[in-house]
Amino acid sequence: MNKTLWYFLLGFAVLAAAPARSEVAIADVFARHTTSLNGKWHVIVDPYDTGYIDYRGKPYDESPKISGGFALDHHPKDKTELVEYNFDTSTTLKVPGDWNSQDDKLLYYEGSVWYRKKFDVKKPEAGRRLFVYFGAANYEADVYLNGVKLGKHIGGYTPFAYEITSLVRETGNSLVVRVNNVRHPEGVPTTNTDWWNYGGITRDVMLVEEPATFISNFLVRLKPGTTNTIEVRVQLDGAARGNAVTVKFPSLNLSAEMAVDENGVAHGEIEASNLVLWTPEHPTLYNVEIFTSAESVKDRVGFRTITTSGRKVLLNGKPVFLRGICIHEENPRRGGRAWSEDDARMLLGWAKELGCNFVRLAHYPHNEHMARVADEIGIMCWEEVPVYWTIHWTDSSTLANAQKQLSDLIARDQNRASVVVWSVANETPISEARTKFLKTLVDEARSLDGTRLISAAMEVDSEPGNPLHKIVDDPFGQYTDLCSFNEYTGWYDGLPEKIDRISWSIKYDKPVFISEFGADAKQGMHADALTRFSEEYQADVYKRTLPMLEKIPGFSGCTPWILCDFRSPRRLLPEIQDGWNIKGVIGHDGKKKMAFNVLKNFYAEKAAE
Ligand code: GCB
């Protein structure tokens, strides 16, 4: 064999045999030196996973050297070679974006789609590093660069990145991603949900260039228990002991220098006597700049405290009523997953118009713009992981998956003053195994961030033999800061008049938060208040529920279900639902329903109290 060819093959085998790289965490990505890879990507829809497994079902990338399949983005060398795929001549989809809303044929598609983006990039200079970053891809992503596997990421709503410094070329890089949105019983979420299983690369993709030692994450917050001391923690990747980190708050005229320990962490405190605390009415943010000798990262952060005392929620030590609404991550005007800053401004703008000071970002981590815009315009947020309904409580991989999604969400949004609640679950059925599972998540959230409230949307029972007496005594409630539950009297449980006759027993001496109530209404359908699916019926449920909730001792806020209609494959009633959950106070055409004003008036009264 020709020697050059032999060395080439050897080199390729060594490169390809390298184990998949581990994920790298890069927070505050919008403030970095980045190159966007958004735009049109060539795609191959691959329902049988032809590009991933051979005809015996064996994955091409399981053996040390990737032996075939679409990951190689291979072009025939001559006309005799059989290659049965071609990214160049395949169709394209927009990234970010789900595939379902971009092509009618893909509306219900659940399977694999291969994405390919070609790019040129200046090779990083010596001492610099390059990463490829994905805001999210639902549900599973296998990522390859130039035929080498970077890794597999599981979980559809959290960011991930891989280092590509040694793999990248100046020209003709081929970044291939197999995205698969098949639902799995042991997944998080599991197979059964009440929202659309949008597949695809649903958030931004970018190249991130960093120095050899870089700031991978940082935490800037009030030192717990104080309102005049800023606590800073900076995490370096590739850190050499002895590196120094400088933190500056230019408008406060404050700065501090901190040493880095052997774990690459710098920690310090800064006295700040004149801080104006963040509130929804006055969402004060401060510029913060973090420097090492090799780089600087900037952000805008607010300072506030969120605590509870007995049955009250306290923002900066003062009682606050949470005037909220639930939101799914969908753009009702364009259709499909919301992902951009504009989408966030539209959705949160509507919440503001309702008079909200709070939103529940249901039922999974929304894109990063949501909490950033909320910081800026002044809306508190409840953020959640998709531990929804009945997942596999005794499967350790399910727990590890949920823990990873939770810790990745906290790592991404820990500097957002707007985020005041971490929610670990929604409507999970009571059992010992489930309570143990959720308690593990609560402990995880508290150990990562003990400064926010922990919650979950629980369920309500009726007293046996007395359907008018509702009881909240889920044992999981002992571990949360809020006693939050969903309640659907007047829709799933009786007619609206039943709402007026409900009484409550709530076991916990904690703030009571109603994380959902509501009713379906087809926007523009008018009838009497007893006609299901009419706007009048929905408005009546709101008119009766709000005063009923007011009678609950400790009622501290609510997030009715939901801001906008959203797609759901469970909602099958022809000509009324047609694949939409229509409990929005805004229709999927963006038009407001009558209930919007009922809620708006209630919140105006609460704000004036
Ligand atoms: C719930 C769920 C939510 C559903 C909603 C409904 O309790 O938490 O995901 O979409 O009810 O419309 O039934």
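Buried residues make up 59% of the 609 residues in this protein chain, where buried means under 20% relative accessible area with a 1.4 Å probe, counting protein chains only. Before we go on, please remember that this is a predicted model, in which local features need pLDDT of at least 70, side-chain atom pairs count only at pLDDT 80 or more, and totals for chains, interfaces and linings use all residues. Residues are numbered from 1 along each chain as its sequence is written, and side-chain values use heavy atoms, leaving out hydrogens and water.

Now, the overall fold. You can find eight helices and 34 strands in the protein chain; these are DSSP runs, H or I of at least four residues for helices and E of at least two for strands. The radius of gyration, taken over C-alpha atoms, is 26 Å, close to the 25 Å from the globule rule for 609 residues, so the chain is as compact as a globular protein of that length. That rule is 2.2 Å times the number of residues to the power 0.38. Along its principal axes, the C-alpha trace spans about 90 × 60 × 45 Å.

Let's turn to the ligand. Which side chains put a polar atom by its oxygen atoms? His-363 has an N or O atom 2.6 Å from a ligand oxygen, Asn-426 has a polar side-chain atom 2.9 Å from one, and for Trp-561 the distance is 3.1 Å. Taken alone, the ligand exposes 320 Å², and the protein buries 97% of that; such areas come from the Shrake-Rupley method with a 1.4 Å probe.

Terms used: Polar contact = N/O pair within 3.5 Å; in protein donor to acceptor, adjacent residues only side chain to side chain. Buried < 20%, exposed > 50% of the residue type's maximum accessible area, 1.4 Å probe, protein only.
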